[in-house]
Amino acid sequence: MEQPKGVDWTVIILTCQYKDSVEVFQRELEMRQKREQIPAGTLLVAVEDPETRVGSGGATLNALLVAAEHLSAQAGFTGRDFPFDDCGRAFTCLPVENPQAPVEAMVCNLDCLLDIMSYRLGPGSPPGVWVCSTDMLLTVPPDPGISWDGFQGARVIAFPGSTAYARHHGVYLTDSQGFVLDIYYQGTEAEIQQCARPDGRVPLVSGVAFFSVETAEHLLATHVNPPLDACTYMGLDSGARPVQLSLFFDILLCMARNVSREDYLLGRPPEVGQGDADVAGYLQGARAQLWRELHDQPLTMAYVPDGSYSYMTSSASEFLHSLTFPGAPGAQVVHSRVEEPQLLGAGSSVVSCLLQGPVRLDSGSVLQHCHLQGPIHIGAGCFVSGLDMAQSKALHGLELHDVILQGHHVRLHGTPIHAFTLVGRLDSWERQGTGTYLNMSWSEFFQKTGIRNWDLWDPDTPPTERCLLSARLFPMLHPSRALGPQDMLWMLDPQEEAGEALWAWRASWRLSWEQLQPCLDRAATLASRRDLFFRQALHKARHVLEAQQDLSLRPLIWAAVHEGCPRTLLATLDQVAAGTGDPGVAARALACVADVLGCWAEGRGGLRSGPAANPEWLRPFSYLECGDLARGVEALAQERDKWLSRPALLVRAARHYEGAGQILVRQAVMSAQHFVSTEPVELPAPGQWVVAECPARVDFSGGWSDTPPLAYELGGAVVGLAVRVDGRRPIGARARRVWEPGLWLAAGPRQDEMAMKIVCQSVDDLQDYCQPHAPGALLKAAFICAGIVSVHSKLPLSEQLLRTFGCGFELHTWSELPHGSGLGTSSILAGTALAALQRAAGRMMDTEALIHAVLHLEQVLTTGGGWQDQVGGLMPGIKVGRSRAQLPLKVEVEEITVPEGFVQTLNDHLLLVYTGKTRLARNLLQDVLRSWYARLPAVVQNARSLVQHTEACAEAFRQGSLPLLGQCLTVYWKQKKLMAPGCEPLAVRRMMDVLAPQVHGQSLAGAGGGGFLYLLTKKPRQKEAVEAVLAKTEGLGNYSVHLVEVDTQGLSLHLLGSGTST
């Protein structure tokens, strides 16, 4: 489905709590821009908060200043420490996938919020500044119903919540017009009930706000005045004392109508603790500045009743609940490779993991960013993240329950290390209260493990500050060995050897959770996640190809290109291509290599379609031609390495990989030779012409499904009609033996008018038989496929002919139809040429064998066509051709029986209009095959629909219903356009529009792009009426209208001068 137009952001600011995160998060924003999640012209800025804790308001004001220095800001994001993800709430990965995404990637909370802001909340808003916290999970309906008519000031976005939830959060009180009267944080029961809406729910403070340009300018004006200047880097650089502000309870609260100046100045936001009087006075000065600048600005609320909001607290239980799916029938597995998925409990989730062997995950638990080797059992209520194969052994023999186990990338004095933390699901991260660790009281923990109070806190640490945040629990370095999860896991169940574990723990240099946060290496964390994502992605790519799944690898290919690791993907594709015994799998793998190279060029370097016969690639091609797949793939890779330095070379290499794939397709289609046979008959007299004549064909449904490899990978079905045009059978060939041992070739627009004449006296004269645009290539290929001559023989051409036939041959072909007509001309012409040649050589081939012989010829010719054209023209009347999803490729034809008199009815209502536009199907063919090999979802679904719709079309013929057939044509033309975008020229669209009232249905013949348009008119015998309509329409060019009738004879073959038909 096409993505709706989103907001064209001018600038996006991502605020960062830590200085070392700025460069890392800047790269993350730029990566999302490459993935087209963010408009290409948007300025992206990651900016450090001027002080570790300036609050959401201070961070917003600083971001606004930075944006103003670059240009006019239009977005902002912020985040704080989060105990379940080292990169904060913004980069917390969610168990969701976006199958429509052009680039495959893990979905973080930031991605969801970007999508919501760009495509749901942002559209329709006037110029201004959006501010969005990343501390929450949001869902917003596609149309949130927000009106911006007459908007001024600022606006907050609210989502519904229960009164119980509101007791611990903020709620808005508004009047009937939507103006905010007050904002309550952890309000009283009476205050919360005052905010309740008719359904009993209350509007929650969600962390999303919008400032008009005028209001944003008022806010920005405060940055020069103390103490608000301390919220910005400019103030901090000037030596100002930091001030902590809340976006909602400082900046926006002063705009609420019921808030008095006195109450506002005395209050303090929830982000600010109960400090000394000096802090209160400093904050009061900041609030006075805000009141003076913003109080007169109107503040309104937009309520989204069908949305949802959930603040990402430090509660592990709430976090697990947000990532799991209670009551779901199975596990949610996202961007992961799981060898034994049956071991994943219902409602659990696995994100970006490689799980090898038996890894059991119970319901309600979450695995993220792990590469584990079983046997492992992770029980209920667990969150495990950041573990690699090296740590798997520490989990063997354990059954975890209700714990949070995480691996962390840490940098200590420039040295990278891997550290591990373990906490309980029920542990509190608050400083207040008695606290727990591993779901037990501290006293119970000390008694169980032998750890003592002084191991965790300094003796002078006040009891009120002895909490989980400040406890030095987590080993970072050991004097004699590397540390692992086992150095924490022993605490869960101390055994007899616990003394040794306790000794090792005490011998380690340890940090508390709050000491650990500034040491986290977020760049290494994101790099590690990206590496694991691609490791599982390579497993996925291999599995998709080898299992022949209809899943597209294009998003993964783009991801590899954007992330700078296409070479590893190329190596995996090489391994699949070389190691498979299935030519279809190998051909798709090579097509994927071509896709990687084409994407790597990033739109530069020329068109993807083009020649693929550079001499440098002949060696690998020769291996493939000989059936040596492994050596061919190896030689291709060796040659490819020389073509990776610039876009033009990448594109040319991609073309040659597509050419290599076509070799394998050709070999698969060659299996149709199994159904080609001839019988000896009496030789015609030398000089006696054998004439083969054929009707054209019109396809009514299923075209493209007959094209290799679709014909044998998906299975094809096409309804076709053999037709005479203006009463004539327009396609034919004639052949005869001549005394001189050579080949005389001629082709022209009519039997008595040969425009091209070629004489072949040597094998060298035939060598361009596989170059479709070479003069006489089809005729030369016909001699080779008929077995009359061999280009690989060491014998001269004359000796080959004399030894086998004692003479030479002359072959003429003609077509009265224009080039690129869409009526199957080239394939039918190949059929007539083969039929005439075989008969002239004293052999007969039945029509079924001839259909398969044409498939073979077109592969030799390298045009690579399907089978519907020759079925449509060589076989008489109305029929449906089918091929099964298997090799060898066999086409079976069923005649469709129609009601008596219906053929004449059809003749009266069927018309052809030559559009004056020509386009070779090959130009479209390469694009369609590229899309099929990429398994683009729309193309796969459409291909299946083509086959299914063919049976409905056949039934419409059996019923003899013109309206039903018209509907079939209308659907069919839509399917063709989906299959090959761009196949409908503007002039043709104009023509079809003016003819629409006159017809039951219409479609361009064949692949489209030009040629003939066929109409099923509502009234009989409408040639003059159609001409009159078209004559009144401007800009149609050189069109012509033609009568058409069903041909009930098909291929005819007769000897001139003898009166004999065969």
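Biologist: Which residue forms a salt bridge with Asp1047, and how far apart are the closest N and O atoms?

Modeller: Happy to start there. A salt bridge is a side-chain nitrogen of Lys or Arg within 4 Å of a carboxyl oxygen of Asp or Glu. Here the partner of Asp1047 is Arg729, with the closest N and O atoms 2.9 Å apart. The pair links distant parts of the chain, 318 residues apart: Asp1047 is in the loop between strand E42 (1040-1046) and strand E43 (1052-1055), and Arg729 in the loop between strand E31 (716-725) and strand E32 (731-738). Helices (H or I, at least four residues) and strands (E, at least two) are DSSP runs, numbered from the N terminus.

Biologist: Before we go on, what kind of model is this, and how are residues numbered?

Modeller: This is a predicted model, in which local features need pLDDT of at least 70 and side-chain atom pairs count only at pLDDT 80 or more, while totals for chains, interfaces and linings use all residues. Residues are numbered from 1 along each chain as its sequence is written, and side-chain values use heavy atoms, with hydrogens and water left out.

Biologist: Are Asp1047 and Arg729 buried or exposed?

Modeller: Buried means under 20% relative accessible area, exposed over 50%, and partly exposed in between (1.4 Å probe, protein chains only). Both Asp1047 and Arg729 are buried.

Biologist: How many salt bridges does a search of the whole structure find?

Modeller: The search finds 51. One of them joins Arg32 to Asp111, with the closest N and O atoms 2.4 Å apart. Arg32 sits in helix H1 and Asp111 in helix H3 (residues 109-121), 79 residues apart. Arg32 counts as buried because its relative accessibility is 1%, and Asp111 counts as buried at 7%.

Biologist: Which residues are linked with Arg32 in a network of salt bridges?

Modeller: The network links Glu28, Arg32, Arg35, Asp111, Arg530 and Glu563. Take Glu28, which is found in helix H1 and is buried at 5% relative accessibility. A polar contact is a pair of N or O atoms within 3.5 Å; within protein, one must be able to donate a hydrogen and the other to accept it, and residues adjacent in sequence count only if both atoms are side-chain atoms. The side chain of Glu28 makes such a contact with the side chain of Arg32, at 2.9 Å. For touching in general, contact means heavy atoms within 4.5 Å. Leaving aside residues up to four places away in sequence, Glu28 touches Phe91, Leu526 and Arg530.

Biologist: Where is Thr42, and what does its side chain reach?

Modeller: Thr42 lies in the loop between helix H1 (22-34) and strand E2 (43-48). Its side chain reaches the backbone oxygen of Trp9 at 2.8 Å. Thr42 is buried, with a relative accessible area of 5%. Among the residues that Thr42 touches are Thr10, Val11 and Gln33.

Biologist: How should I read a nonpolar core, and which residues of the largest one touch the most other members?

Modeller: A nonpolar core is a set of buried Ala, Val, Leu, Ile, Met, Phe, Trp, Tyr and Cys residues joined through side-chain atoms within 4.5 Å. The largest core has 232 residues, of which Leu597, Phe700, Leu743, Ile788, Leu906 and Phe957 touch the most other members. Helix H21 (residues 583-600) gives the most to this core, with 13 residues. A second, separate core of 68 residues includes Phe383, Leu412, Leu456 and Met491.
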